[in-house]
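Subject: Structure for you to look at

Hello,

Here is the structure I said I would pass on. Please open it first, then read the notes that follow.

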Amino acid sequence: MERLQARKAQQHSNLLRLVDFWVKEETSLCSNLKQVYLLLDYEDNTLEDDIVQRQLEGRQWQGQELLQMLLGLVNVLLFLQESGTSHNCISPKSVLITR
């Protein structure tokens, strides 16, 4: 829970804000189960969505667009590394694009 508290306190323009989280614990005769729920800011345009849309429209990225995207990714990854946080799943589905 300490890591979630630390993540909740993090503020960065290229990182979704963790608004809140809660843990639901269930105990039965043979097991203990913890479910963690995260409430994040909503953003609906992923890199994967953008890739598909560009393919459908026959559009390619311009050099400046790619550079902006890369700089944003590097910036937030450096921020996470310096704060001791790992992302664990960097993929086109987890990279959000703002227009």
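**Val36 and its surroundings**

Setting aside neighbours within four places in sequence, Val36 is in contact (heavy atoms within 4.5 Å) with Met1, Leu4, Trp22 and Val23. Val36 is found in strand E2; helices (H or I, at least four residues) and strands (E, at least two) are DSSP runs, numbered from the N terminus. Val36 is partly exposed, at a relative accessible area of 44%; buried means under 20%, exposed over 50%, and partly exposed in between, with a 1.4 Å probe and protein chains only.

Residues are numbered from 1 along each chain as its sequence is written, and side-chain values use heavy atoms, with hydrogens and water left out.

The pLDDT, the predictor's confidence in each residue from 0 to 100, averages 89 over the protein chain, and 99% of the residues score at least 70. Confidence in the protein chain is lowest in H1, with a mean of 88, and highest in H2, at 94. Where pLDDT is low, the predicted coordinates should not be read in detail.

**The largest pocket**

The largest pocket holds about 1600 Å³ of space. On a 1 Å grid over the protein atoms alone, a pocket is an open set of points where a 1.4 Å probe fits, with protein on both sides within 12 Å along at least five of seven lines; lining residues have an atom within 4 Å of a point. Grid points are joined across faces, edges and corners, and the volume is the space filled by probe spheres set on the points.

The lining has 44 residues, and those closest to the pocket centre are Asn14, Leu15, Leu16, His87 and Ser94. By type, the lining residues are 17 nonpolar, 16 polar and 11 charged. Here Ala, Val, Leu, Ile, Met, Phe, Trp, Tyr, Cys and Pro count as nonpolar, Asp, Glu, Lys and Arg as charged, and the others, Gly among them, as polar.

At least two lining residues come from each of helix H1 (2-9), strand E2 (32-40), helix H2 (47-57) and helix H3 (63-82). H3 gives the most, with 8 residues.

**Gln10**

Gln10 sits in the loop between H1 and strand E1 (18-27). Is Gln10 buried or exposed? Gln10 is buried, because its relative accessible area is 8%.

The side chain of Gln10 makes a polar contact of 2.7 Å with the side chain of Ser83, and another of 3.0 Å with that of Thr85. A polar contact is a pair of N or O atoms within 3.5 Å; within protein, one must be able to donate a hydrogen and the other to accept it, and residues adjacent in sequence count only if both atoms are side-chain atoms. Beyond four places in sequence, the contacts of Gln10 are Leu15, Phe79, Leu80, Ser83 and Thr85.

Val76 lies in helix H3 and counts as buried, at 8% relative accessibility. Apart from residues up to four places away in sequence, Val76 touches His12, Asn14 and Leu15.

Arg54, in helix H2, is buried at 6% relative accessibility. With neighbours within four places left out, Arg54 is in contact with Arg59, Gln60, Trp61 and Glu65.

Asn88 lies in the segment after H3 and is exposed, with a relative accessible area of 73%. The C-alpha atoms of Asn88 and Asn32 are 25 Å apart.

Regards

Notes
Predicted model: local features only at pLDDT ≥ 70, side-chain atom pairs only at ≥ 80, totals over all residues.
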